[in-house]
Amino acid sequence: MSAVTVRLTSICSGGGHLTFTVSGDAVLTRTLDLSSLTDPIEASDVEAFLKIICKMAKKGRTLNQARTLLQAGVTVTV
């Protein structure tokens, strides 16, 4: 099974920059500009998200197992 935890770890004093920590199958710390998070979701965002979901589905599974999982559908709830 694959898992990623995304956590807001700090906000700058002005409130315009948010720092996130990612842990689990991916490890990363990034600061994002709050205004960029209010933009509409674009096709490139969806494509990147889809690629991550597929990689997570494949981790620890055979190709056939991952295909079965993805054909059944994967729900991501935030």
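The structure is a predicted model, in which local features need pLDDT of at least 70, side-chain atom pairs count only at pLDDT 80 or more, and totals for chains, interfaces and linings use all residues. Residues are numbered from 1 along each chain as its sequence is written, and side-chain values use heavy atoms, with hydrogens and water left out.

**Strands and hairpins**

- Strand E1 (residues 4-11) pairs with strand E2 (residues 17-24) in the antiparallel sense over seven bridges; strands are DSSP runs of E with at least two residues, helices are runs of H or I with at least four, and both are numbered from the N terminus.
- Two strands count as paired if DSSP finds at least two bridges between them.
- Leu 8 stands opposite Phe 20 in E2, and Ser 10 has Thr 19 in E2 as its bridge partner.
- The hairpin of E1 and E2 has five residues between the strands, and Gly 15 takes a positive phi near 85° there.
- E2 and E3 also pair in the antiparallel sense, over six bridges, and a hairpin of three residues joins them.
- Leu 18 stands opposite Leu 32 in E3.

**Largest pocket**

- The largest pocket holds about 1400 Å³ of space.
- A pocket is an open set of points, on a 1 Å grid over the protein atoms alone, where a 1.4 Å probe fits, with protein on both sides within 12 Å along at least five of seven lines; lining residues have an atom within 4 Å of a point.
- The volume is the space filled by probe spheres set on the points, which are joined across faces, edges and corners.
- The lining of the largest pocket comprises 35 residues, and Val 4, Val 6, Phe 49, Ile 52 and Ile 53 lie nearest its centre.
- Helix H1 gives the most to this lining, with nine residues.

**Salt bridge**

- A search of the whole structure finds one salt bridge, defined as a side-chain nitrogen of Lys or Arg within 4 Å of a carboxyl oxygen of Asp or Glu.
- Lys 59 forms a salt bridge with Asp 25, and the closest N and O atoms are 3.2 Å apart.
- The pair links distant parts of the chain, 34 residues apart: Lys 59 lies in the loop between H1 and H2, and Asp 25 in the loop between E2 and E3.

**Nonpolar surface patch**

- Phe 49, Leu 70, Val 74, Val 76 and Val 78 form a nonpolar patch on the surface.
- Leu 70 lies in helix H2 (residues 63-72).

Methods
Patches are made of residues with over 30% relative accessible area and no salt bridge: like charges are joined within 9 Å, nonpolar side chains (Val, Leu, Ile, Met, Phe, Trp, Tyr) within 5 Å. Accessible areas come from the Shrake-Rupley method with a 1.4 Å probe; for residues, only the protein chains shown count as cover.
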